[in-house]
Amino acid sequence: MAASDQNTNTPVRTPVAGISPYTLKDGEEYMNDAQREHFRLILRAWRQELMEEVDRTVEHMKSDAANFADPADRATQEEEFSLELRTRDRERKLLKKISEALDDLDQGEYGYCKSCGSEIGIRRLEARPTATLCIECKTLQEIKEKQMA
């Protein structure tokens, strides 16, 4: 069973199946060794899952590539491959963010807002381990983006 966010009763899940949410202890220091190790485990497992998906895609595209005589079949296959490649491109960007988060962990900067320096929060990081902004700064960023669009 997933843990609940302290502010709501919404279940918190990690992005990697099989890794339980961190159990906070009373009076525990933020981003202590146990918390850093918990997030290192999540980030590494997530990276591994994404890399395995890349390998599956390459294998799928190699094995399923065919030169169909029917233009509709060929177009369908090209569209399918295009969708897979777009998904892999998004995952490539996510892999870069995961690497940056792991670097931040190594440098002791993980879990702190890049904008204001405050704690991002364990539950927010469990929902989005690559988060670099606290919820307040992220909300402000999104408002500014909407105004600029």
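## Basis and terms

Helices (H or I, at least four residues) and strands (E, at least two) are DSSP runs, numbered from the N terminus. The model is predicted: local features need pLDDT of at least 70, side-chain atom pairs count only at pLDDT 80 or more, and totals for chains, interfaces and linings use all residues. Residues are numbered from 1 along each chain as its sequence is written, and side-chain values use heavy atoms, with hydrogens and water left out.

## Overall fold

The chain has 4 helices and 2 strands, in the order β-β-α-α-α-α along the sequence. Its radius of gyration is 20 Å, well over the 15 Å that the globule rule gives for 149 residues, so the chain is more spread out than a compact globule. (The radius is taken over C-alpha atoms, and the rule is 2.2 Å times the number of residues to the power 0.38.) Along the principal axes, the C-alpha atoms fill a box of roughly 65 × 40 × 35 Å.

Of the 149 residues, 30% count as buried; buried means under 20% relative accessible area, exposed over 50%, and partly exposed in between (1.4 Å probe, protein chains only). The accessible surface is about 10,000 Å², and 50% of it belongs to carbon and sulfur atoms. These areas come from the Shrake-Rupley method with a 1.4 Å probe; for residues, only the protein chains shown count as cover. Contact means heavy atoms within 4.5 Å. Among contacts between residues at least 6 apart in sequence, 52% join residues at least 24 apart.

## Annotated domains

UniProt, in an unreviewed entry, lists residues 35-104 as "domain: DnaK suppressor protein DksA N-terminal". This span is 91% helix and 0% strand, and its end C-alpha atoms lie 13 Å apart. UniProt positions are given in the numbering used here, feature names are shortened, and annotations may be inferred rather than shown by experiment.

Residues 108-140 are listed in UniProt, again in an unreviewed entry, as "domain: Zinc finger DksA/TraR C4-type". Here the span is 36% helix and 0% strand, with 25 Å between the end C-alpha atoms.

## The cysteine site

The unreviewed UniProt entry places the feature "binding site" at Cys113, Cys116, Cys134 and Cys137. These residues span 25 residues in sequence, yet no two of their C-alpha atoms are more than 8.1 Å apart, so they gather at one spot.

Cys116 is in the loop between H2 and H3, and Cys134 is in the loop between H3 and helix H4 (135-148). With a relative accessible area of 46%, Cys116 is partly exposed, whereas Cys134 is buried at 2%. Not counting residues up to four places away in sequence, Cys116 touches Cys134 and Cys137. On that basis, the contacts of Cys134 are Cys113, Cys116, Ser118, Glu119, Ile120 and Arg124.

## The nonpolar core

A nonpolar core is a set of buried Ala, Val, Leu, Ile, Met, Phe, Trp, Tyr and Cys residues joined through side-chain atoms within 4.5 Å. The largest one has 25 residues, of which Met31, Phe39, Leu43, Trp46, Ile98, Tyr110 and Leu125 touch the most other members. The elements that give two or more residues to this core are H1, helix H2 (71-107) and helix H3 (122-127). H2 gives the largest share, 6 residues.

Apart from neighbours within four places in sequence, Leu43 is in contact with Ile98, Ala101, Leu102, Leu105, Tyr110, Pro129 and Thr130. Ala101, in helix H2, is buried with a relative accessible area of 5%. Beyond four places in sequence, Ala101 touches Leu43, Tyr110 and Pro129. The C-alpha atoms of Ala101 and Ala131 are separated by 8.3 Å, although the two are 30 residues apart along the chain.

Met31 lies in the loop between strand S2 (11-12) and H1. Met31 is not a glycine but has a positive phi of about 55°, and it is buried, with a relative accessible area of 4%.

His38 belongs to helix H1 (residues 33-64) and is buried, with a relative accessible area of 10%. The side chains of His38 and Glu126 are joined by a polar contact of 2.5 Å. Such a contact is a pair of N or O atoms within 3.5 Å; within protein, one must be able to donate a hydrogen and the other to accept it, and residues adjacent in sequence count only if both atoms are side-chain atoms. Not counting residues up to four places away in sequence, His38 touches Ile19, Ser20, Pro21, Tyr22 and Glu126.
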